[in-house]
Amino acid sequence: MTRKQTTVEEKLKVLALAEIIGNISEACRLVGIARSSFYLMKADFEKHGLKALEPRPRRKPQMPNQASEELVQKVLDLTREFPSYSYNRMAALLVSQGMQISGGGVRKIWERHGLQTKLKRFLWVENEASAGRGRMSDRSKKLLRELRQRARYEDNNSPEI
């Protein structure tokens with residue numbers, strides 16, 4: 001049985017128990033829910049039927065201080081152009097272009113897109129270039145090779161635990 005079916009059955013059992021006992025307070029106490037929750041559940045069930053007892057999907061919250069889509073796109077565009085920049089340097093570049101963002105804001109955008117490390121940013125730029133969204137300079141290709149070699153070296157020489 002799925003979680004959805006279990007939840008609906010549990011709610012139906014609570015409604016049935018209250019009907020059998022004839023005392024809503026006692027039924028709620030036995031099941032361990034608040035009476036206000038019971039009344040809301042009962043009203044929804046009477047108004048909308050079984051569909052109202054199913055768990056509702058939650059939407060991902062939109063944080064009030066989250067960067068706008070325009071700013072996110074600008075950060076990603078500049079990351080394509082300058083993947084080796086630190087988040088503070090990127091923020092300073094954006095501020096000089098009239099945008100309002102801190103180094104932490106750039107870092108958070110990079111985290112949401114999986115671009116926390118320089119290697120990840122270079123790999124992303126390589127994928128973007130192969131997909132036709134921008135190009136990768138010869139210098140960037142050379143730096144990517146060096147970063148890959150360094151990552152391989154660190155993986156091979158890491159101490160065994």
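These are my notebook entries on a few places I looked up in this predicted model.

**Entry 1: confidence**

The mean pLDDT of the protein is 86, and 96% of its residues reach 70 or more. I then checked the elements one by one. Helix α5, residues 87-96, has the highest mean pLDDT among them, at 95. Helix α8, residues 138-156, has the lowest, at 79. I keep a reminder here for myself: where pLDDT is low, the predicted coordinates should not be read in detail.

**Entry 2: leucine 12**

My next stop was helix α1, residues 3-21, where leucine 12 is found. Leucine 12 and leucine 53 lie 41 residues apart in sequence, and their C-alpha atoms are 8.1 Å apart in space.

**Entry 3: alanine 27**

I moved on to helix α2 and picked alanine 27. Its relative accessible area is 0%, so alanine 27 is buried. Which residues does alanine 27 touch, not counting those up to four places away in sequence? I wrote down Leu17, Ala18 and Ile21. I also looked up leucine 15, which is 12 residues from alanine 27 along the chain. The C-alpha atoms of that pair are separated by 8.6 Å.

**Entry 4: α2 against α3**

Staying with α2, I looked at how this helix meets α3. Helix α2 spans residues 24-31 and helix α3 spans residues 35-48. Their axes come within 9 Å and cross at roughly 110°. Angles of 65 to 115 degrees count as roughly perpendicular, so that is the word for α2 and α3. On the α2 side, the contact is made by Ile24, Ser25 and Cys28. On the α3 side, Arg35, Phe38 and Tyr39 take part. I sorted the residues of this contact by type and got four nonpolar, one polar and one charged.

**Entry 5: α4 against α6**

The axes of α4 and α6 come within 10 Å and cross at roughly 80°. These two helices are therefore roughly perpendicular to each other as well. From α4 I listed Val72, Val75 and Thr79, which meet Val106, Ile109, Trp110 and Arg112 of α6. By type, the contact residues divide into five nonpolar, one polar and one charged.

**Entry 6: threonine 79**

Threonine 79 sits in helix α4, residues 69-81. With a relative accessibility of 0%, threonine 79 counts as buried. What joins the side chains of threonine 79 and tryptophan 110? I found a polar contact of 2.9 Å. Beyond residues up to four places away in sequence, threonine 79 touches Met90, Trp110, Leu115, Arg121, Trp124 and Val125.

**Entry 7: glutamine 116**

My last stop was a loop. Where is glutamine 116? I located glutamine 116 between α6, residues 103-112, and α7, residues 118-130. The relative accessibility is 41%, so glutamine 116 counts as partly exposed. Again setting aside residues up to four places away in sequence, I saw that glutamine 116 touches Trp110, Glu111 and Arg121. Trp110 and Arg121 were already in my notes as residues that threonine 79 touches. I also checked glycine 104, which is 12 residues from glutamine 116 along the chain. The C-alpha atoms of glutamine 116 and glycine 104 are separated by 12 Å.

Key. Residues are numbered from 1 along each chain as its sequence is written. Side-chain values use heavy atoms; hydrogens and water are left out. Axes are lines fitted to C-alpha atoms, for helices over the stretch in contact, and angles run from 0 to 180 degrees between N-to-C directions. Helices (H or I, at least four residues) and strands (E, at least two) are DSSP runs, numbered from the N terminus. Angles under 35 degrees count as roughly parallel, over 145 as roughly antiparallel, 65 to 115 as roughly perpendicular and the rest as oblique. Contact means heavy atoms within 4.5 Å. Ala, Val, Leu, Ile, Met, Phe, Trp, Tyr, Cys and Pro count as nonpolar, Asp, Glu, Lys and Arg as charged, and the others, Gly among them, as polar. Buried means under 20% relative accessible area, exposed over 50%, partly exposed in between (1.4 Å probe, protein chains only). pLDDT is the predictor's confidence in each residue, from 0 to 100. A polar contact is a pair of N or O atoms within 3.5 Å; within protein, one must be able to donate a hydrogen and the other to accept it, and residues adjacent in sequence count only if both atoms are side-chain atoms.
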